Amino acid sequence: MLTAIALDPADNLIQAWFQRNPPTDRTKVVEIGGRYGFASVSLAEKKERLSFEVRCASQDFLRRGEALVGPEFKARIAFNYVPCLFGPVPHEDSDTVLVYLIRNLFWNWADEDAVRLLQTLLLTLRASPATRILVTDGVSPSAKEFPPHVEIAYRRRDVTTMTMHNVKQRTQAEWLALFTQVDPALTVKNIPFLDHECC
């Protein structure tokens with residue numbers, strides 16, 4: 001019998017973060033580069049107190065994403081075009097944003113571009129210590145970190161991203177080095193994998 005291994009636990013990790021960090025006076029989630037807004041829609045179904053904004057540099061993605069949102073969520077999820085994700089964030093973000101959510105965006109970005117975007121968002125965090133940046137993305141695990149059948153799936157993904165997209169999956173150490181480039185004082189908190197079958 002074959003068992004499917006899902007290597008993208010993003011939605012589960014995002015849900016776990018919100019369970020551990022319930023919203024206080026801030027209730028806005030901004031999904032950066034969110035394309036179709038999948039993370040926002042998934043959260044809107046479970047977190048009725050939150051509102052969402054998907055910011056993307058592609059009007060086509062935004063139109064498609066907005067078309068997929070059910071009528072019961074349209075009032076809580078805004079799809080907004082930004083010509084450049086590296087541009088300054090709206091000033092009101094420092095008063096309203098609970099979380100900047102970056103889901104599976106950096107996997108094929110150069111380190112310097114990921115650092116540049118995070119440094120742009122860091123300006124809001126300095127003005128608003130209650131705001132967080134939540135990044136979920138692929139991590140290439142160390143050898144023998146997972147059971148053999150799971151590790152094979154990860155190595156297959158590593159080879160696929162290299163051959164089809166000309167990019168390398170970052171290891172945990174490489175992710176931490178990237179975040180240190182953003183600001184050495186930045187605190188990184190990991191959410192542990194929920195289980196081997198979903199990671």
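Modeller: Contact comes up throughout, and it means heavy atoms within 4.5 Å. Helices (H or I, at least four residues) and strands (E, at least two) are DSSP runs, numbered from the N terminus. The model is predicted: local features need pLDDT of at least 70, side-chain atom pairs count only at pLDDT 80 or more, and totals for chains, interfaces and linings use all residues. Residues are numbered from 1 along each chain as its sequence is written, and side-chain values use heavy atoms, with hydrogens and water left out.

Colleague: What do the buried residues of helix 1 pack against?

Modeller: They pack against strand 1 (28–32), helix 2, strand 4 and strand 5. The buried residues of helix 1 include Leu13, Ile14, Trp17 and Phe18.

Colleague: Why is Thr124 called buried?

Modeller: Its relative accessibility is 4%. Buried means under 20% relative accessible area, exposed over 50%, partly exposed in between (1.4 Å probe, protein chains only). Therefore Thr124 counts as buried. Thr124 belongs to helix 5 (residues 111–127). Beyond its neighbours within four places in sequence, it contacts Val89, Asp93, Ser94 and Tyr100.

Colleague: And why is Leu176 called partly exposed?

Modeller: Leu176 has a relative accessible area of 34%. Leu176 sits in helix 7. Its C-alpha atom is separated by 9.9 Å from that of Thr187, 11 residues apart along the chain.

Colleague: How do you know that the buried residues of helix 7 are on the same side?

Modeller: These residues are Trp175, Leu178, Phe179 and Val182. They cover an arc of only 95 degrees around the axis, so they lie on the same side of helix 7. The arc is that of the directions from the helix axis to the C-beta atoms. They pack against helix 5 and strand 5 (132–136).

Colleague: What makes a set of residues a nonpolar core?

Modeller: The members are buried Ala, Val, Leu, Ile, Met, Phe, Trp, Tyr and Cys residues joined through side-chain atoms within 4.5 Å. The largest such core has 21 residues. Among those touching the most other members are Ile14, Phe52, Val99 and Leu134. Helix 2 (38–44) is one of the elements that supply at least two residues. Its share, 4 residues, is the largest. Apart from this core lies another, of 19 residues, including Ile32 and Phe179.

Colleague: What does Val99 contact, leaving aside its neighbours within four places in sequence?

Modeller: Its contacts are Trp17, Phe18, Lys28, Val29, Val30, Arg132 and Leu134.
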